[in-house]
Amino acid sequence: MSALAVLLHKELHATFTSAVAYAVAAVFFLVTGYTFSLTLFFTKVANLTYIFHQMYVLLILLVPIITMRAFAEERKADTLELLLTSPVREVWIVVAKFLAALTLVAGLLAGSSAYAVILGLYGEPDWAPIYGGYLALLLLGGLLVAIGIFTSSLTENQVVAATCALGLGLMLWFADAASYMLPAPLDVVAINLSLIGHFTTFVGGSMFLSDAGYYLTLSLLALFLATRVVMDR
Amino acid sequence: MNESLSPSDPTTAIVSIERVSKRYGRVAAVSDVSLEVRRGEVLGLLGPNGSGKTTLLRMLTGYLAPTAGRLTVAGFDTEREAMQARRHIGYVPESLPLYGHMRVREFLSFIARLRGLSRRAAPAAVDEVIERVRLGDMAAAPIRTLSRGYRQRVAIGQGLVHRPDILVLDEPTNGLDPRQIIETRALIRGLAGERTIIMSSHILGEVEKTADRVAILLRGRLLDLRAMADTPDLEALFLSLT
C-alpha cells in the first residue's frame, strides 16, 4: 500500500500540474454552466436531468483527453522502465493512474454540484434523481477512465490513445442500436452493453445494483487488461 | 575463456546468470549466457551495438523475462522473487528516463520512496546521493532544464538513492562530453568495492578504465569472460574474438 501511496502522490501531482486538467475543467464548466443557466431561465424547472445528459456526453469526449498521457507519455519518455524495474507490482501502477484521473473527474462533478445547491436554495428539487445522477456520472467516469488507461497502455502515442478511448466510449454508447439487427439472445447482450441504458435509470431516480454492476464490471475488466498489457513487455 | 562459468561460491557471487536466453520470435537477442558477478567488483559488458548487452541488463533488472534460463540477484530469482531481487538493484538505463516536470530533489525523493525507503529515511538518503553525484547546486532545478551531463548525474543518483548492493549502468557515458566522461568514470571507480557494478559499453577504453573484469558479447553470445588484470591488450583480444 505504501508503494501505491507514493505512486498516487506522483500521479496526482502530474495530473494537477498539467495544463490539460485545467483546459478540460474550463471546457466542462463553461459548457455545463451555459446550459444550466439557459435551461433554468427558460424552463424554470428545478431538475438537472438535462445537465446530467450533457455531462454524460462531455465525459465521453473529455475523459480520453485526461487519460491519454497515463502510459503513453511514460512509454515515450522511457520512464515506464524506471517504474517497472522498481519493487512495485504492475497493478499498483495501473491503479495509481486510475485513481489520479478519477480524482480529477470527481473534482469536476463536485464542482458541478453548485448547480444542485442553487436549485436547492431557490427551489424544491426532487433529490433522488440528483443523487442518482451524480452516482451514475461517477460510475460512468470510472469506466471511461479505466478504458482510457487501457488504451493508453497500448501505445506511446497520446493522440492514438485518446482516439481509441473515444471510439470505445462511443461504441458502448451506441451498442444498443445494433440490437435491431441481431438475433436473440445477442440483441439482449447489445442492449445490456449500452452505456446510456444503464445511465438513464439512475438519472430517473431509480438505482439498481445491476446498473452499478455493469459499470464496475467493465471498469475492472479494462483495468485488468491494462495491467496485463503492462506486464506483457 | 580463462574463467570457469560453473556455479560460483555463494559467499562471493551476488549475481548469477545461468544459461539465459531471450528470443523475440525467431531472433535470438541473448543465447545461452552464463556468468557470475562477484560482490564489490566492476564487471564490464563489452560488445558492439545489438550484441545483447541491454537485453541482458534488462533481464537482470526484471524488466524483461528470459525465454530460458535463470537469473538470481543476491540469491533472489528475478522472476519468482522479483520484488526482493529489485530491492538490491539500482538501474540507470541508457535513455536516462527522468520526469522532466519534477525538480531534482523531488524526483530523487520519489524514487527513494518507490524503492522502499521510509518517509523518515528518504530525506537523508537523498541528501547523501545529491552530495555523492555533486548535484547540490541543481537540487531545486526542474529536470527538464538540466544539461545532458547533469541529467546523467540525476540518473545515476536515482540508481544509488536506495543504497542498492548492485548498480546496473547501461552505456553510462553515452552522449557526454570528454570532461563529463572523465567525471562519470571517476564516479564509477569511486563506487567500486562498496557496491557491485555491472556496466555495458561498446567502447573499449570505457571498459579498460573502469572494469575489474570484462565479458565480451557478440550476437547475443558470451565469447569471453576474464579479469582486466589478465588482459594487457583488450583491443587485440576483442578483434581476435569478433
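## The six-stranded sheet of chain B

In chain B, six strands make up an open sheet of mixed pairing, ordered S6-S7-S8-S3-S9-S10. Two strands count as paired if DSSP finds at least two bridges between them. Strands (E, at least two residues) and helices (H or I, at least four) are DSSP runs, numbered from the N terminus. The model is predicted: local features need pLDDT of at least 70, and side-chain atom pairs count only at pLDDT 80 or more, while totals for chains, interfaces and linings use all residues. Residues are numbered from 1 along each chain as its sequence is written, and chains are lettered from A and ligands numbered from 1 in the order in which they are written.

Strand S6 (89–92) and S10 of chain B are the edge strands, each pairing on one side only. On average, neighbouring strands of this sheet are turned by 15° against each other, direction ignored. Axes here are lines fitted to C-alpha atoms, for helices over the stretch in contact, and angles run from 0 to 180 degrees between N-to-C directions.

## Strand S9 and its partners

Five of the six residues of S9(B) (residues 213–218) are buried, that is, 20 or more other C-beta atoms, placed from the backbone, lie within 10 Å of their own. S9(B) pairs in the parallel sense with strand S3 (residues 42–46) of chain B over four bridges; B:Arg213 is the bridge partner of B:Leu43.

S9(B) also runs antiparallel to S10(B) (residues 221–227), to which six bridges join it. B:Val214 is opposite B:Arg226 of S10(B). The hairpin of these two strands has two residues between them, and B:Arg219 takes a positive phi near 50°.

## Helices across the sheet

Helix H5 of chain B (residues 148–160) lies across S6 and strand S7 (166–170), at about 165° to S6(B). Helix H8 of chain B (residues 234–241) lies across S3, S9 and S10, running at about 25° to S9(B).

## The S1–S2 hairpin of chain B

Strands S1 (residues 13–24) and S2 (residues 27–38) of chain B run antiparallel and are joined by eight bridges. B:Ser16 has B:Glu36 of S2(B) as its bridge partner. Two residues lie between S1(B) and S2(B) in this hairpin, and B:Gly25 in the turn has a positive phi of about 65°.

## Helix packing in chain A

Helix H10 (residues 195–203) and helix H11 (residues 209–231) of chain A pack at about 135°, their axes 9 Å apart. H10(A) is therefore oblique to H11(A) (angles under 35 degrees count as roughly parallel, over 145 as roughly antiparallel, 65 to 115 as roughly perpendicular and the rest as oblique).

A:His198, A:Thr201 and A:Phe202 of H10(A) make the contact with A:Asp211, A:Tyr214 and A:Tyr215 of H11(A); residues are in contact if their C-beta atoms, placed from the backbone, lie within 7 Å. By class, these residues are three nonpolar, two polar and one charged. Ala, Val, Leu, Ile, Met, Phe, Trp, Tyr, Cys and Pro count as nonpolar, Asp, Glu, Lys and Arg as charged, and the others, Gly among them, as polar.

## The interface of chains A and B

Between the chains, 16 residues of chain A are in contact with 18 residues of chain B. On the chain A side, helix H1 (2–16) and helix H5 (79–84) are the elements that give two or more residues. That side has eight nonpolar, four polar and four charged residues.

How values were computed
Contact = placed C-beta atoms within 7 Å. Buried ≥ 20, exposed ≤ 12 C-beta atoms within 10 Å, placed from the backbone.
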